[in-house]
Amino acid sequence: MTVTDHEATGAPVDLGRKELLRLATAGSVDDGKSTLIGRLLFDSKSIFTDQMESIERTSAERGDEYANLALLTDGLRAEREQGITIDVAYRYFATPRRKFIVADTPGHVQYTRNMVTGASTADLAIVLIDARKGVLEQTRRHAFLSSLLGIPHLTLAVNKMDLVDFSQERFDEIRAEFASFASKLNVTDLTFVPVSALLGDNIVERSTNMPWYQGSPLLHHLEEVHIASDRNLIDARLPVQYVIRPQRADGYDHRSYAGSVAGGVFRPGDDVVVLPGGFTSRIAEIWGPGGAPVAEAFPPMAVSVSLTDEIDITRGEMIARPNNRPWVGRDVDAMVCWFSEATTLTEGNRYVVASTTTQTRAQVTAVDYRLDVNTLHRDETADTLSLNEIGRVTLHAQQPLMFDAYRRNRDTGSFILVDETTNQTVGAGMITGPVNHGATIVWHGSKVSRDQRPYAGATIWLTGLSGSGKSSLAVELERRLVAAGRPAYLMDGDNLRHGLNSDLGFGDADRRENIRRTGEVAALFADSGAVAIVSLISPFAAERRRARDIHDASGLTFHEVFVDTPLEECERRDPKGLYARARRGEVTNFTGIDSPYERPEHADLVVTPADGTPGDVAEAIIRDLGL
Ligand SMILES: Nc1ncnc2c1ncn2[C@@H]1O[C@H](COP(=O)(O)OS(=O)(=O)O)[C@@H](OP(=O)(O)O)[C@H]1O
Ligand SMILES: Nc1ncnc2c1ncn2[C@@H]1O[C@H](COP(=O)(O)OP(=O)(O)O)[C@@H](O)[C@H]1O
């Protein structure tokens with residue numbers, strides 16, 4: 001999300017090759033946030049000596065026993081607040097292992113806006129808790145915002161442990177209380193560290209006062225936490241920022257397209273599609289930030305690419321892979337945080353939506369609900385959002401937008417709203433997905449809640465080549481589950497193609513639609529309390545992921561099972577004689593022969609022929625998945 005107002009303070013950064021960790025801190029001054037940031041800067045020796053001397057002097061004058069590290073940040077904040085305009089200050093420090101940028105967001109009234117601004121690109125959020133006070137409303141609020149912003153790692157620093165006699169019991173109590181709240185949030189990596197920012201316990205060195213704590217000190221955790229895989233390296237996205245047209249005397253004219261890679265990996269030779277137009281081509285060359293050709297481009301590299309075909313591309317278009325496209329549409333569902341004091345977001349109002357390199361006008365078609373960030377209560381009667389409020393909103397854009405779910409990609413899944421008359425940024429949005437039904441169709445709620453149904457449903461999604469053994473396994477799964485009294489239903493690709501999907505062939509677009517429909521229907525079955533067993537080649541990773549997303553969005557369980565039988569073995573089995581026919585050219589677009597199969601990289605289970613008969617495997621799956 002690109003929100004301005006950024007100001008850098010602190011030591012200059014050496015943008016060397018060390019990995020960069022973006023940190024957001026949340027908590028109030030009382031919790032010791034300023035002291036903690038000061039301590040991190042101090043202990044990593046990046047405070048300027050003169051600043052340090054002045055702090056020591058002031059601390060001594062105030063009679064403080066310890067250098068008051070809070071002065072370091074509070075002093076700067078006081079300076080900043082004279083100008084008021086700067087909400088978020090960035091500070092840099094480095095250790096031999098990593099570089100760090102801390103977004104220091106003042107914790108007062110503007111907390112939500114500041115946090116959305118400062119934390120939207122963070123890799124890790126530190127939420128501070130005062131060990132004496134425990135989990136407070138604001139702790140929950142900050143944790144919720146961190147999860148809403150999709151910050152992959154959340155660290156709870158339980159501070160002021162010195163004031164609770166370094167009590168393990170108190171720490172365990174706080175941890176248990178917070179963990180039960182966090183289970184309601186979308187937090188994948190949660191770490192608790194007992195610290196005393198003031199005394200330095202468990203900041204850099206392991207605290208001798210808390211021998212019971214076996215984990216890493218905070219700075220060590222910040223140095224070690226694994227962030228490389230947080231980047232989306234699957235969905236290749238290059239929003240075109242500008243077009244380079246070399247004008248050469250010899251008439252050479254080979255356009256290239258520049259932008260920052262927003263997802264996935266691009267390589268010369270890759271097939272690409274240019275959206276929203278849908279033209280396909282191939283990457284000829286890629287040039288890196290220094291202008292030299294590169295073999296690979298990945299986020300957040302700034303690159304320019306040339307294509308093998310002359311296509312008319314302009315700023316705001318997006319280069320992606322033909323088999324893995326972002327959503328293209330004019331209606332989006334999003335969580336919006338409102339930034340403006342002067343105005344409110346109101347149904348029917350129009351704004352400029354800026355997302356990656358695209359800008360278009362859009363109208364707010366509905367405010368679905370306003371969220372109370374403290375209680376997570378949804379107020380569905382709301383039709384406005386005021387300063388710092390967050391709500392679920394649908395927008396209708398004049399031009400098509402190309403986007404992913406924010407959960408999937410924080411770049412292509414976010415936007416800002418700009419007031420056309422004042423040119424002010426008035427809101428920031430995180431896209432949940434497309435609105436397929438247009439503004440005229442409403443959602444009718446059911447009077448049966450999920451826990452009133454006799455069973456919790458789920459989907460088991462079997463993917464693999466034709467002949468890999470999906471159907472044989474699916475049949476065994478269905479038989480066993482039904483025999484055990486569970487409602488279960490098999491959806492086999494072949495069978496669905498006789499009815500629901502009888503209008504679809506085997507071209508890429510038809511297969512995508514086939515997988516989309518099947519995913520939707522499976523989710524309905526799972527919602528009804530049944531186990532939907534899907535047996536579908538489903539060769540495209542992006543569509544399988546979408547099937548999972550449909551389930552995730554409704555809180556339904558989705559298990560992807562990769563039936564990993566090598567092509568040679570499938571071809572040897574060839575139960576329908578289709579491989580032989582494909583080899584003879586009588587069947588075209590056959591998966592594995594002249595149509596791709598993208599192997600799952602993150603399947604929940606992988607089954608190979610060595611695992612035994614379909615019956616054995618079905619038994620093991622039911623046991624492993626706890627069905
Ligand atoms: N061109 C081509 N490519 C792949 N498969 C073909 C093709 N033509 C027909 N068939 C038969 O259709 C079955 C695959 O349909 P699916 O709906 O599972 O395919 S997909 O998910 O849309 O790719 C598949 O069934 P299974 O062998 O059970 O997988 C084939 O029998
Ligand atoms: N675990 C297995 N070991 C050996 N052969 C198998 C196994 N599972 C399935 N088969 C055989 O492989 C062929 C293809 O199986 P099928 O379930 O129809 O695959 P798919 O639905 O993936 O096309 C069938 O002849 C089936 O009997």
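User: How do the residues of the shell around ligand 2 divide into nonpolar, polar and charged?

Analyst: This is a predicted model, and in it the shell around ligand 2 is made up of 3 nonpolar, 9 polar and 2 charged residues. In total, 14 residues surround ligand 2, and the closest are G469, K470, S471, S472 and P575.

User: Which helix gives the most to the shell around ligand 2?

Analyst: That is helix 8, residues 470-483, which supplies 3 residues of the shell.

User: What makes up the surroundings of ligand 1?

Analyst: Ligand 1 is surrounded by 20 residues, of which S466, G493, F506, R511 and I537 are the closest. The shell divides into 8 nonpolar, 8 polar and 4 charged residues. Helix 9 (493-496) and helix 10 (508-527) each contribute at least two residues to the shell around ligand 1, and helix 10 gives the most, with 3 residues.

User: Why is H221 called partly exposed?

Analyst: H221 has 18 other C-beta atoms within 10 Å. A residue is buried at 20 or more and exposed at 12 or fewer, and because 18 falls in between, H221 is called partly exposed.

User: Where is H221 found, and which residues does H221 touch?

Analyst: H221 is found in helix 7, residues 218-224. Leaving out residues up to four places away in sequence, H221 touches T155, T191, V193 and S216. The C-alpha atoms of H221 and I203 are separated by 9.4 Å, and these two residues are 18 residues apart along the chain.

User: How do you know that strand 24 and strand 27 pair?

Analyst: Pairing requires at least two bridges between two strands, and 6 bridges join strand 24 (residues 458-463) to strand 27 (residues 557-563), so the two strands pair, and they run parallel. In this pairing, A458 stands opposite T557 in strand 27. In general, the strands of a sheet pair through backbone hydrogen bonds.

User: What makes strand 25 and strand 28 edge strands?

Analyst: The open sheet has 5 strands in the order 25-26-24-27-28, with parallel pairing. Strand 25 (488-492) and strand 28 (605-607) each pair on one side only, and they are the edge strands. From one strand to the next, the twist averages 20°.

User: Which strands does helix 10 lie across?

Analyst: Helix 10 lies across strand 24, strand 25 and strand 26 (531-535), and runs at about 160° to strand 26.

Key
Residues numbered from 1 in each chain as written. Chains lettered and ligands numbered in written order. Predicted model: local features only at pLDDT ≥ 70, side-chain atom pairs only at ≥ 80, totals over all residues. Near = placed C-beta within 6 Å. Helix = DSSP H or I, 4+ residues; strand = E, 2+ residues; numbered from the N terminus. Nonpolar A, V, L, I, M, F, W, Y, C, P; charged D, E, K, R; others polar. Contact = placed C-beta atoms within 7 Å. Axes fitted to C-alpha atoms, helices over the stretch in contact; angles between N-to-C directions.
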